Amino acid sequence: MNAGDTLPAQEFAISRADLVRYAGASGDFNPIHWNERFATSVGLPNVIAHGMFTMALAIRVVTDWAGDPGAVVEYGVRFTRPVVVPDPDGATLRVEGAVRAVRDDGLIDVDLTTTVDGQTVLAKARAVVRPHGAR
């Protein structure tokens with residue numbers, strides 16, 4: 001593993017049904033995530049995905065690559081743009097990852113690029129991974 005190596009990119013389809021399932025699982029029933037009439041009444045272009053849901057989808061590129069969700073020791077993002085989820089077509093989240101650095105202790109710094117329709121939705125999306133066998 002070297003700086004600049006890429007992780008397999010993935011795309012995640014997001015539907016309104018996914019948002020309702022996430023609301024139930026997380027307990028976040030804010031209507032901006034499922035009610036178009038409410039979302040537009042507060043100035044949003046449409047229903048938007050939960051930020052934590054978007055963040056969770058993005059890190060899957062890293063956990064699938066590492067082969068163990070427990071290998072991720074740090075993860076953070078900045079939300080730059082809401083993920084609008086129109087009905088019935090939904091949205092497609094594209095996530096690409098690249099190794100930024102391999103530390104002396106074996107930990108790997110990974111940068112993620114997360115977009116919808118070519119627009120960045122998460123900035124400074126970074127993870128630190130402890131590969132199997134690293135200290």
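Helix α3 (51-66) has 16 residues, which at 1.5 Å a residue should span 22 Å; its end C-alpha atoms are 23 Å apart, which agrees. The expected span is 1.5 Å times one less than the number of residues. Helices (H or I, at least four residues) and strands (E, at least two) are DSSP runs, numbered from the N terminus. The model is predicted: local features need pLDDT of at least 70, side-chain atom pairs count only at pLDDT 80 or more, and totals for chains, interfaces and linings use all residues. Residues are numbered from 1 along each chain as its sequence is written, and side-chain values use heavy atoms, without hydrogens and water.

Helix α3 bends by about 30° at R60. The bend is the angle between axes fitted to the seven residues ending there and the seven starting there. Just after α3, G67 takes a positive phi of about 80°.

Several residues of α3 are buried, among them F53, M55, L57 and I59. Buried means under 20% relative accessible area, exposed over 50%, and partly exposed in between (1.4 Å probe, protein chains only). The buried residues of α3 pack against α1 and strands including β1 (6-14) and β2 (72-79).

One aromatic pair is found in the whole structure. Y22 and F53 form this tilted pair, 5.1 Å centre to centre, with 45° between the planes. Y22 lies in α1 (residues 16-26) and F53 in α3, so the pair ties together parts that are 31 residues apart in sequence. Rings of Phe, Tyr and Trp (its six-membered ring) pair if their centres lie within 6.5 Å; planes under 30 degrees apart count as stacked, over 60 as edge-to-face and the rest as tilted.

Terms used. Contact means heavy atoms within 4.5 Å.
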